[in-house]
Amino acid sequence: MASSLIRGKYLISAVLDDQVEIIEDGAVFQRDGKIIEVGDYDELSQRFRPDAVVGDGTHVVVPGFVNAHHHVGVTPLQLGCPDVPLELWIPHRLAARSVDPYLDTLYSAFEMIESGVTTVQHINSLFFGPVEQCAQAAEDVLRAYRDIGMRVSYSFMMHDQNHLVYEADDQFVAKLPLELGRRMQEFFTALELPMADQLRLFEELHKKYNQDPLTRIQLAPGNLHWSSDELLEVFSGLSEEYDVPMHMHLVETPYQKEYARRRTGTTAVQYLQRYKLLSDMMTLGHGVWLTDDDIDILADNHVHVCHCPSSNLRLRSGIAPLNRLAKRGIGVGIGIDEAGINDDRDMLQEMRLALNLHRVPGMENAVPSHQQVFRMATEDGAKTTPFGSQIGTLKPGKAADITLFRWGQIAEPYIDPDISIIHAMLHRAKSSDVDTVVVAGEPIYHHGRFTKIDKEAVIRELSESLQRPITPAEDYRRKIAGDIYPHVEAFYRDYY
C-alpha cells in the first residue's frame, strides 16, 4: 500500500507530560510507511488522494504499542513450569519441551498484535550452544516477525558464568553428590557457548539486518550474575562501536540484590557505572530492588527502565518502584516478559495492571496517571529500542505504526462525556476492541483477521508439533531438572 488515510472519531497523536493531544474526527495521511501529515479528516481528504482509506470514523486511533520486554511464545506454564520464585523457576524451565522457534514466535505475535502491539523487544533468553543451533533459532524468530509484518528489536542474552545459581558452576557442582555432580558438569559443558561465538553471532546478525526497515539487532547483557567483569568491559565498547542500545535484566529479585552486594560491595547499578554502561543507550529490565541512590544515578545518566508488573508478581520478585522512578523523570517502558497475569501477551491488561498496582494509599502520594501509563506503552517504550526516534507518536516523519480501536464497543452502553478518552481506553479497552493494526503503513491485522499469516493453520501446526512423544533430549533435561531442583532450593535457603 503506497499511501492511505487512516481516520478515527478520536485520534491520540501523543502524550506530553500530562497533556493528551487528541484530534476529533482526525486522520493520519501516510505514504510508503511514513506519516506525512496529521490533522482534520475532512481537510486531509480534500488535499490528498490516498490509495486507500483505513477506518470509517468510528474508531480511536492511537500509536502502536511497544512491548519492551519479551522472551517466548508458548508460556512456561503451558510447558509445565509453575509460578514459583524466579531462582527456583529457572531449574523448572530446564524441563520444558522444545518448541519450534518460528511457530513459537508467531504464537505470541498473534496475541501481541491482537492487543495493539506493533513493536516488540524480543530477547532470546534460552540461548545455549552450539552456535549453529543458536544462529538458526535467531533466523527462525526473525523470519516469523518478518512474515507476520511486525516491527522487532532482537537480541539474545549474552552470558559467560553462573548458568544455574548465583555461584560459579564448578563451585556449585563440587557441592553435589558425586554422580549428580558428574551429570551436571556434562550438562553445563553441553550448554556452554563460548563468548567469541556469541560476539561473532551478534556481529553477523547486526550486519545482515541493520538496514532492514522493520528489524534491528541490539545487545542484551545477561544479568550481573551472568556477566563476568571481562564481559562487562566488552559491552560498553560494543554498544559504542555498533551504535546499538542495550537491554539488561537487573535486580529483579532480592537474591540478585544480595548477589551484587557480595560480589561488588555495593549495588549492581553502582557497579555498572564503573564500567561506563549507564547512559541513554541502556535499558534495565525489571529494576525491582533499586535503591534511592540507584535511581538518582539512573536519572543523572538518562538510563531507561522496563517495568514488567505481571512477571514480577507471578514470580514473587516484588513490586518495582515506579512512582519513585517517575518522580525522578526516568523513562519507563512496559514489558509483558514471558507472559502476563492472564498467561498471555495482552498489552492492554499489562497497562491496566501498571496503572493500578502503584496506587498507594493516601491523598498526597503521587500515583501513576493514565497519561503516564499510555506514554509508557508508546513513546517511553519506543525509547528502549533502536526505533526510538521513529515510533511511539503519530507525528509527521514518524513511522505509520498505528492501532485502531472500536470506540463503540469501548463506550457501550454509555460513557459520561466528562470521562476522558484516555481514561476510557485505560480502563475499558480490550483486545476484542482492536479492529486494525498497521505497521509501516500496511495493515497486518484488519477486522479481526491477520492479513499475511493464517493464524488457525499456525496454531494447528504448533499444537500438532507438541503432541509428539518426548524426545530423548527432552527426557534427559527433565530428569536433570528434577534431580537438581532440591539442591538449588537448598542453595537459596541458606543464601542470606
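Q: Which residues line the second largest cavity?
A: The lining of the second largest cavity consists of Phe-65, Leu-348, Met-351, Phe-374, Met-425 and Leu-426. Two elements, α14 and α18 (421–428), each give two or more residues to that lining. Keep in mind that this is a predicted model.

Q: How many nonpolar, polar and charged residues are in that lining, and how much space does the second largest cavity hold?
A: Six residues of the lining are nonpolar, with no polar and no charged ones. The space in this second largest cavity is about 40 Å³.

Q: How many cavities of 30 Å³ or more does the structure hold, and what is the volume of the largest cavity?
A: There are three cavities of 30 Å³ or more. The largest cavity has a volume of about 110 Å³.

Q: What lines the largest cavity, and how does its lining divide by class?
A: Its lining residues include Thr-75, Pro-76, Leu-77, Cys-81, Asp-83 and Trp-89. Also in the lining are Ser-311, Arg-314, Leu-315, Glu-338, Ala-339 and Asp-343. By class, six of the lining residues are nonpolar, two polar and four charged.

Q: At what angle do α14 and α15 pack, and how far apart are their axes?
A: Helix α14 spans residues 347–357 and helix α15 spans residues 370–377. They pack at an angle of about 140°, and their axes are 10 Å apart.

Q: Why is this pair called oblique?
A: An angle has to be over 145 degrees to count as roughly antiparallel. At about 140°, α14 and α15 are therefore oblique to each other. Their crossing is right-handed.

Q: Which residues meet where α14 and α15 are in contact?
A: From α14 come Met-351, Ala-354 and Leu-355, and from α15 come His-370, Val-373, Phe-374 and Ala-377. By class, this contact has six nonpolar residues, one polar and no charged. Met-351 and Phe-374 take part in the helix contact and also line the second largest cavity.

Q: Turning to the backbone, where is there a cis peptide bond?
A: Glu-412 and Pro-413 are joined by a cis peptide bond, with omega about -5°. Pro-413 sits in the loop between α17 (407–411) and α18.

Q: Which residue other than glycine has a positive phi, and where is it found?
A: Arg-316 has a phi near 55°. Arg-316 lies in the loop between α12 (309–314) and α13 (322–327).

Notes: Residues are numbered from 1 along each chain as its sequence is written. This is a predicted model: local features need pLDDT of at least 70, side-chain atom pairs count only at pLDDT 80 or more; totals for chains, interfaces and linings use all residues. Side-chain values use heavy atoms; hydrogens and water are left out. Axes are lines fitted to C-alpha atoms, for helices over the stretch in contact, and angles run from 0 to 180 degrees between N-to-C directions. Helices (H or I, at least four residues) and strands (E, at least two) are DSSP runs, numbered from the N terminus. Angles under 35 degrees count as roughly parallel, over 145 as roughly antiparallel, 65 to 115 as roughly perpendicular and the rest as oblique. A crossing is left-handed if the near helix is turned anticlockwise from the far one by less than a right angle, and right-handed if clockwise. Contact means heavy atoms within 4.5 Å. Ala, Val, Leu, Ile, Met, Phe, Trp, Tyr, Cys and Pro count as nonpolar, Asp, Glu, Lys and Arg as charged, and the others, Gly among them, as polar. On a 1 Å grid over the protein atoms alone, a cavity is a set of points where a 1.4 Å probe fits but cannot get out, and a pocket is an open set with protein on both sides within 12 Å along at least five of seven lines; lining residues have an atom within 4 Å of a point. Grid points are joined across faces, edges and corners, and a volume is the space filled by probe spheres set on the points.
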